[in-house]
Amino acid sequence: MDFQQIFKAVPDIKAGAPGRVNLLGEHTDYNDGFVLPTAIPQQTTVYIGYSPDNCHHFYSAELEEWAEVNPTESLPQGFASYIYGCIRVLEQAGYTIPPINLFVTSSVPIGSGLSSSAALEVATLRGLRSLLNLDLDDVKVAQLGQQAEIQYAGVSCGILDQMACSLADPEHMLFLDTRTLERRILPFPGGTEIVVIDSGVARSLAGSGYNQRRAECEAAARQLGVKALRDVSAPQMAESLPEPLCKRARHVISENNRVLKVLEDLSAGEFGKLMNASHASLRDDYEVSVPALDQLVDILQNTPGVFGARLTGAGFGGACVALVRAGAGKAIAEIVLNHYNNAGYKGHILVGCH
Ligand code: GLA
């Protein structure tokens, strides 16, 4: 199916955005901290034309689902909520958006922690930017995408995903200070590539403890008398807090320090150790891992050629990312997957090399 078959017209524009994988800096973005994502090769593509009536019409090729949105009626659910959310935030920003027909197709896996929703938001906003000649730069696109997610998908997310989908590329790591939005494009450690494996355990971000973790971090920052946990750099500072705030703060503070270390031009081995430490902290202090992710990370970390591995994204299921020897990604991913699936899981390879 394509736009023409669905809407019986040719689209006016086509736009796309990649998914992302976060290499370090997990659950730091809503604490004004540091993150280090890269884009993945998988993309979301939208085709847009004008609607012949007063409604928006959306079609998802992967879900084989239609949505008709009448702006005067109730809000849509599912994939349409992200697209309509983008239209609404543009309207709130003062732009006039005419009724559109939008066809979306995507190779970004859904529900694996690789930001399929942010890729859809950024692709939609890029598409509307070209269709209507809107004066929006890539940072503004990311900020509007984040607003769409918060207001219309009900997740109080930070800016990591949308900034990565809007500004990262698969050949580099994007170092981002989420408070100032200062960023640096960094090379991968020499002689490496990445592997991403889905654990086969689905996660639901809104239904998970994500919003609860965020509230705990805000409480911890209040009790420490700082604007955000980003303003604390010594992990010992967390020790004065009651549990679970102490553990949550310790993760955020140590994770920010790990991302900052990357600016010191690390070797693959040093970088890998930071990934391993990040996983331990997400598992023990932030408590967003699950047994399947721990097992997959354990197998990865014990496979020759792997420098380091951790869960990636919000956790509670989803995928793991590993930094591995350049050229060995495909073979390593297959060995690890075999081992993991023999333990009764249904994982699969998402990214075999960068
Ligand atoms: C999700 C959110 C991001 C970020 C990560 C965890 O992907 O959308 O803003 O908080 O979880 O690092």
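Buried area is the accessible area, taken with a 1.4 Å probe, that two parts lose on being put together, summed over both. The structure shown is a predicted model.

**Exercise 1.** Determine how the protein chain is divided into domains, and characterise the contact between domain 1 and domain 2.

*Solution.* 
Step 1. The domain assignment gives domain 1 as residues 3-185, while domain 2 is made up of 189-213 + 247-352.
Step 2. Between the C-alpha centres of the two domains the distance is 25 Å.
Step 3. On the domain 1 side 33 residues are in contact with 37 residues of domain 2.
Step 4. Together the two domains bury about 2700 Å², with 67% of this area on carbon and sulfur atoms.
Step 5. Of the area that domain 1 buries against domain 2, 25% is supplied by Leu24, Glu26 and His27, more than by any other three residues.

**Exercise 2.** Describe the packing of helix H2 and helix H4, and state which residues meet.

*Solution.* 
Step 1. Two packed helices are described by the angle between their axes and the distance between the axes.
Step 2. For H2 (residues 79-92) and H4 (residues 138-152), the angle is about 115° and the axes are 8 Å apart.
Step 3. Angles of 65 to 115 degrees count as roughly perpendicular; H2 and H4 are therefore roughly perpendicular to each other.
Step 4. The handedness of the H2 and H4 crossing is right-handed.
Step 5. H2 contributes residues including Tyr82, Cys86, Arg88 and Leu90, which meet H4 residues, among them Leu144, Ala148, Glu149 and Tyr152.
Step 6. Sorted by class, the contact of H2 with H4 comprises seven nonpolar, five polar and two charged residues.

Conventions:
Residues numbered from 1 in each chain as written. Predicted model: local features only at pLDDT ≥ 70, side-chain atom pairs only at ≥ 80, totals over all residues. Heavy atoms only, no water. Axes fitted to C-alpha atoms, helices over the stretch in contact; angles between N-to-C directions. Helix = DSSP H or I, 4+ residues; strand = E, 2+ residues; numbered from the N terminus. Parallel < 35°, antiparallel > 145°, perpendicular 65-115°, else oblique. Left-handed = near helix turned anticlockwise from the far one by under 90°. Contact = heavy atoms within 4.5 Å. Nonpolar A, V, L, I, M, F, W, Y, C, P; charged D, E, K, R; others polar. Domains from an automatic or database assignment.
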